[in-house]
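Trainee: Could we go through this one together, a question at a time?
Mentor: Gladly, let's have it on screen.

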Amino acid sequence: MDTRLERLGDRLEEAARRNVAPRRFLRKRLAVAVAALAVLVPAASVAAAHFISNDQVAASLPQGTLSLAGTDPTCTTKVDGVEYRCTLAKAPAPEVSDWLGTVEPTVDASKHVNGGCRSLNHEGTEWECYIGQKAVDEQIIGRSFLGEYAPSPGVG
């Protein structure tokens, strides 16, 4: 989405330079465009979050962390598009001796960090997962990490 916003901003600047209208008119148009972006970007983010399914959340766990590969997670919705409870059919890899409270990022099918999960038990088979800003609010991932490209599951 950042690349699309950058292109849109570049197009707006170019259009403003080509426009021969008085400066006051340009300022108004630019203000309207900025206001529209301020509404559209969060709305697109919220809309995207509501289209995430339980299966997509389940797939995002091992895509975010190599230790969770092969664990066969299943998830159920707690808050649509925001919060999910996930159960792993198999315990995660033994790199961590006590999984309770461990936090891990989740990665969507486009290989971008879309949220994160917190282990609810010592074995690491029960997880509470959050999508989008809620994962940042829950201090599972940092704000700058949300949306970052993650070409392969994280290790360590």
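Mentor: A term to begin with: a nonpolar core is a set of buried Ala, Val, Leu, Ile, Met, Phe, Trp, Tyr and Cys residues joined through side-chain atoms within 4.5 Å. Keep in mind that this is a predicted model.

Trainee: Thanks! Which elements give two or more residues to the largest nonpolar core?

Mentor: That core has 14 residues, and Val57, Leu61, Cys75, Tyr84, Cys86, Trp127 and Cys129 have the most contacts inside it. The elements that supply two or more residues are helix 3 (54–64), strand 2 (83–88) and strand 5.

Trainee: Which residues is Cys75 in contact with, leaving aside its neighbours within four places in sequence?

Mentor: Cys75 is among the residues with the most contacts inside the core. Its partners beyond those neighbours are Asn54, Val57, Ala58, Leu61, Tyr84, Arg85 and Cys86.

Trainee: Why is strand 4 largely enclosed by the rest of the structure?

Mentor: Strand 4 pairs antiparallel with strand 3 (residues 103–107) over 5 bridges. Strand 4 also pairs with strand 5 (residues 126–131), again antiparallel with 5 bridges. Strand 4 is largely enclosed because, of its 7 residues, the number buried is 6.

Trainee: Which residue takes a positive phi in the hairpin of strand 4 and strand 5?

Mentor: Across these two strands, Ser119 has Trp127 as its bridge partner. The hairpin has 6 residues between the strands, and the one with a positive phi near 80 degrees is Gly124.

Note on methods. Residues are numbered from 1 along each chain as its sequence is written. This is a predicted model: local features need pLDDT of at least 70, side-chain atom pairs count only at pLDDT 80 or more; totals for chains, interfaces and linings use all residues. Side-chain values use heavy atoms; hydrogens and water are left out. Buried means under 20% relative accessible area, exposed over 50%, partly exposed in between (1.4 Å probe, protein chains only). Helices (H or I, at least four residues) and strands (E, at least two) are DSSP runs, numbered from the N terminus. Two strands pair if DSSP finds at least two bridges between them. Contact means heavy atoms within 4.5 Å.
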